[in-house]
Amino acid sequence: MRDGYVATWQDKEYEASPDGDEIRLYSTEQERGFAPVRPGRYLRIVLAKDVTDFAYVRTTCRWRDAPFIVLAEQDGWLRVEYTGGKYPVAQALGLEEFDFGVYQGWAPASEVTEVREQRV
């Protein structure tokens, strides 16, 4: 489940982070020109003009007939954030208020439907 920036550089898509005229590309494998950040995470900084595609990818879904964004996945559960904007619905779903008007919770992956990746 993805939720973050991606960039295509030299015909390969990477997790990315914009920084002005540069974009940080991240890889889980050691590749030529990528420096280790920590085990299993490597970084290369490229110019934004050298990137052929740049987007924000967000995974959406429905749980108990309500709309959500998927934030994380762990052991058969999905960390979801409610996007319906209705407090009574969030309360009925047993979601916790993460921040003012932001409701999150853990949903069994087996109960989640309509999982879609969207590029913004």
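Is Asp75 buried or exposed? Asp75 counts as exposed, because its relative accessibility is 69%, where exposed means over 50% relative accessible area, buried under 20% and partly exposed in between, with a 1.4 Å probe and protein chains only. Here are my notes on the rest of the model, point by point.

1. Ground rules. This is a predicted model, in which local features need pLDDT of at least 70 and side-chain atom pairs count only at pLDDT 80 or more, while totals for chains, interfaces and linings use all residues. Residues are numbered from 1 along each chain as its sequence is written, and side-chain values use heavy atoms, with hydrogens and water left out.

2. Secondary structure. You will find one helix and 11 strands in the chain; these are DSSP runs numbered from the N terminus, with helices being H or I of at least four residues and strands being E of at least two. Along the sequence, the order is β-β-β-β-β-β-β-β-α-β-β-β.

3. Overall dimensions. The radius of gyration of the chain is 17 Å, whereas a compact globule of 120 residues would have one near 14 Å. That radius is taken over C-alpha atoms, and the globule rule is 2.2 Å times the number of residues to the power 0.38. Along the principal axes, the C-alpha atoms fill a box of roughly 50 × 30 × 25 Å.

4. Of the 120 residues, 33% count as buried. The accessible surface is about 7800 Å², and carbon and sulfur atoms hold 47% of that surface; the areas come from the Shrake-Rupley method with a 1.4 Å probe, and for residues only the protein chains shown count as cover. Among contacts with a separation of 6 or more, 48% join residues 24 or more positions apart, a contact being heavy atoms within 4.5 Å.

5. Charges. The chain carries 15 positive and 21 negative charges, and their mean positions are 2 Å apart. Lys and Arg count as positive, Asp and Glu as negative, and His and the chain ends are not counted. Each charge is placed at NZ of Lys, CZ of Arg, CG of Asp or CD of Glu.

6. Nonpolar cores. The largest nonpolar core has 14 residues, and those that touch the most other members are Cys61, Trp63, Phe68, Val80, Tyr82, Leu95 and Val112. Strands β6 (53-63), β7 (66-74), β8 (77-82) and β10 (102-108) each give two or more residues to this core. Apart from it lies another core, of 10 residues, including Ala7, Leu25, Tyr42 and Val51. A core here is a set of buried Ala, Val, Leu, Ile, Met, Phe, Trp, Tyr and Cys residues joined through side-chain atoms within 4.5 Å.

7. A closer look at Cys61. Setting aside neighbours within four places in sequence, Cys61 is in contact with Ala66, Pro67, Phe68, Val70, Val80, Val112, Thr113, Glu114 and Val115.

8. Ser17 sits in strand β2 (residues 12-19) and counts as partly exposed because its relative accessibility is 22%. Its C-alpha atom is 6.2 Å from that of Tyr5, 12 residues away along the chain. Beyond four places in sequence, Ser17 is in contact with Glu22, Ile23, Arg24 and Tyr26. Glu22 belongs to strand β3 (residues 22-27) and, at 35% relative accessibility, is partly exposed too. Although Glu22 and Leu47 are 25 residues apart along the chain, their C-alpha atoms are separated by 4.4 Å. With residues up to four places away left out, Glu22 touches Ser17, Ile45, Val46, Leu47 and Ala48.

9. Backbone angles worth a glance. Most residues other than glycine have a negative phi. Gln10, not a glycine, has a positive phi of about 50°; Gln10 is in the loop between β1 (3-9) and β2 and is exposed at 60% relative accessibility. Arg64, also not a glycine, has a positive phi of about 50°. Arg64 lies in the loop between β6 and β7, and its relative accessible area of 52% makes it exposed.

10. Pro36 is in strand β4 (residues 35-38) and counts as exposed at 59% relative accessibility. Pro36 touches Gln30, Arg41 and Tyr42, not counting residues up to four places away in sequence. Asp75 lies in the loop between β7 and β8, with its C-alpha atom 9.2 Å from that of Pro108, 33 residues away along the chain.
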